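Hi,

Here is the structure I promised to pass on.

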Amino acid sequence: MLCLGIESTSHTIGLGIVDDDGNILANERSTLTTESGGIHPRKALEHHHLFFGLLLEKVFDTAKVKPSDIDLIAFSKGPGLGGTLRVSAAAARALATKLNIPLIGVNHPIAHIEIAKLTSGFKDPVILYVSGANTQIISLAAGRYRVAGETLDIGIGNFLDAFGRYIGLGFPQGPKVEELASKSKTYIELPYTIKGIDFSFSGILTNLKRISSKYKPKLSKAKLGPAKQYVSLGKEDLCYSTQETVFAILTEAVERALAHLDKKELLVTGGVAANKRLGEMLNTMCKARGIKFHQVPRELSGDQGAMIAWLGILEHKAGRKQTLKQTEVDKNWRADEVDVIWT
Ligand code: ATP
Ligand code: FE2
């Protein structure tokens, strides 16, 4: 069985073809990027419209299959930006109708989880889901992915992007923060906010903005005044200190969750799971506790169509069917609202 998966919840339009053994035949995508600043939802919409046709051709070329070989269409039904979500919803409906095959709208966070489960082979992991809008510690209990702990304000990816934007980097800022961080070992203390298995980042962001504006005069060669203490700090040092602080918070929260839930496997997935330093910290903690650890492969960490196709296959094979009405997009659809009928 072959499934074509379509992803367009926010910055990325992605199409992937996956078979029911979990082989990824093709996974083509395009992400809207900027030189500086963030992304505008309307620009993302234009970008996705522009690239959809090209990617559709490319995904069939790469997979070496024809549209008539596809048995199922899956798309991200939510959560995400209303406008961009509708790009894949409309395309998926049109393709399913034209090919006369079933259509299924799937939950984006669960797709991030299931693709990592596929690559790990883990059966009952704790999942650290770290991406743009979401930062949650999740485990499967009584038929649903339950959130054990999560950010009390912004997602870690949005936090890294907002901080990166502030120091002049373009979207996506997360990977650029990682690169700059690798060039420093100078740590400055930042707020460390953790409450049990929940945590928050917005106070750290405010603090970073304050420090960065103190440090900006260095660039403009203005009089330094009270900023003297920060004068020797570079962007690299701020990035390094940021990563060390926020990833330590996540590692501590996950360690607590593993103990509470008494689980023996940890998965990290989502866009920020591409980060090497986060993987290192989690791995060190897992080794010390005798926990098996898996970091989703980099190419499957951010948004892409293969994860959508794979979840489509899991749900379809478990018997889930949706009426056309049920394939309407849902901007605020949480992972813990979905009955997990496939495990
Ligand atoms: P969500 O899954 O919550 O809806 P999303 O779909 O918008 O979020 P993803 O593609 O899953 O986003 O993740 C994108 C985020 O990952 C961005 O914030 C980006 O900066 C961040 N990111 C990507 N690579 C890295 C990296 N190497 N280090 C840190 N952050 C990264
Ligand atoms: Fe995502």
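**Where the ligand sits**

Domain 1 (2–112 + 300–337) and domain 2 (121–298) both contribute residues to the shell around ligand 1, so the ligand lies between them. The domain bounds come from an automatic or database domain assignment.

Before you read on: this is a predicted model, where local features need pLDDT of at least 70, side-chain atom pairs count only at pLDDT 80 or more, and totals for chains, interfaces and linings use all residues. Residues are numbered from 1 along each chain as its sequence is written, chains are lettered from A and ligands numbered from 1 in the order in which they are written, and side-chain values use heavy atoms, with hydrogens and water left out.

The shell holds 23 residues, the closest being Tyr 129, Ser 131, Asp 161, Glu 178 and Asp 303; to be in it, a residue needs a heavy atom within 4 Å of the ligand. By class that makes 7 nonpolar, 12 polar and 4 charged residues (Ala, Val, Leu, Ile, Met, Phe, Trp, Tyr, Cys and Pro count as nonpolar, Asp, Glu, Lys and Arg as charged, the others, Gly among them, as polar).

Helices H3 (108–120), H4 (156–166) and H5 (173–181) are the elements giving two or more residues to the shell; helices are DSSP runs of H or I, at least four residues, and strands are runs of E, at least two, numbered from the N terminus.

Two peptide bonds are cis, with omega about -5 degrees: Gly 78 to Pro 79, and Phe 171 to Pro 172. Pro 79 is in the loop between strand S4 (72–78) and helix H2 (82–99), while Pro 172 is in the one between H4 and H5.

Cheers
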